[in-house]
Amino acid sequence: MRLTGRGGILAIMLATFAGAMIAPLVEMPSISGGAFVASCVVAALLVRPTDLLSLSVSPPLAYFTAALGAEMITTLGENGFARGVAIGIGTRLANIAPWLFLGTALVLLITLFRGLPANVRDLDDELNGRKERAARRAERNAQAD
């Protein structure tokens, strides 16, 4: 099974959101971080080689988006909604920082071995007008998929 880059990012967001919603219910904040790290590893292993670059830069933003959504849902109905969300997201980010760094580092490490440098070279070739070399590399990647 292969995921697109967007599919991998969505998987990270959904798993993180689920972990962030479950963690307060069972009073185990590490569930949110564990869900984030596990989903990062799975996404890095399942994303198509041509989409590794987009996945490798996305985990922090995916976590923030999922955590913000979870914090907004858990703060609904309280007085001072905006203040509650701001304080909650700040606290959540402070508590999850080690997990966030670990998940992001694992994504980078896994994607480095799966072909991230070739994606960076392809992007560089496209940006600098070296279309022939980029086309050959894209053809090789399409045959590998």
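Reader: Which conventions apply to the numbering and to the model?

Author: Residues are numbered from 1 along each chain as its sequence is written, and side-chain values use heavy atoms, with hydrogens and water left out. As the model is predicted, local features need pLDDT of at least 70 and side-chain atom pairs count only at pLDDT 80 or more, whereas totals for chains, interfaces and linings use all residues.

Reader: How many helices and strands are there in the protein chain?

Author: Helices (H or I, at least four residues) and strands (E, at least two) are DSSP runs, numbered from the N terminus. The protein chain has seven helices and zero strands. Its C-alpha trace spans about 60 × 25 × 20 Å along the principal axes.

Reader: At what angle do the axes of H4 and H5 cross?

Author: Two packed helices are described by the angle between their axes and the distance between the axes. Axes are lines fitted to C-alpha atoms, for helices over the stretch in contact, and angles run from 0 to 180 degrees between N-to-C directions. The axes of H4 (residues 59-75) and H5 (residues 81-114) cross at roughly 150° and come within 9 Å. H4 is therefore roughly antiparallel to H5 (angles over 145 degrees count as roughly antiparallel).

Reader: Which residues in H4 and H5 meet?

Author: Contact means heavy atoms within 4.5 Å. Among the residues that meet are Tyr63, Phe64 and Glu71 in H4, and Val85, Ile89 and Arg92 in H5. The residues of this contact divide into 15 nonpolar, five polar and two charged (Ala, Val, Leu, Ile, Met, Phe, Trp, Tyr, Cys and Pro count as nonpolar, Asp, Glu, Lys and Arg as charged, and the others, Gly among them, as polar).

Reader: Is Glu71 buried or exposed?

Author: Buried means under 20% relative accessible area, exposed over 50%, partly exposed in between (1.4 Å probe, protein chains only). Glu71, in helix H4, has a relative accessible area of 10% and is buried. Not counting residues up to four places away in sequence, Glu71 touches Gly84, Val85, Gly88, Ile89 and Arg92.

Reader: Which residues touch the most other members of the largest nonpolar core?

Author: In soluble globular proteins, nonpolar side chains tend to be buried together. A nonpolar core is a set of buried Ala, Val, Leu, Ile, Met, Phe, Trp, Tyr and Cys residues joined through side-chain atoms within 4.5 Å. In the largest one, of 20 residues, Ile12, Phe36, Leu55 and Tyr63 touch the most other members. Helices H1 (5-26), H2 (30-46), H3 (52-56), H4 and H5 each supply at least two residues of this core.

Terms used. Angles under 35 degrees count as roughly parallel, over 145 as roughly antiparallel, 65 to 115 as roughly perpendicular and the rest as oblique.
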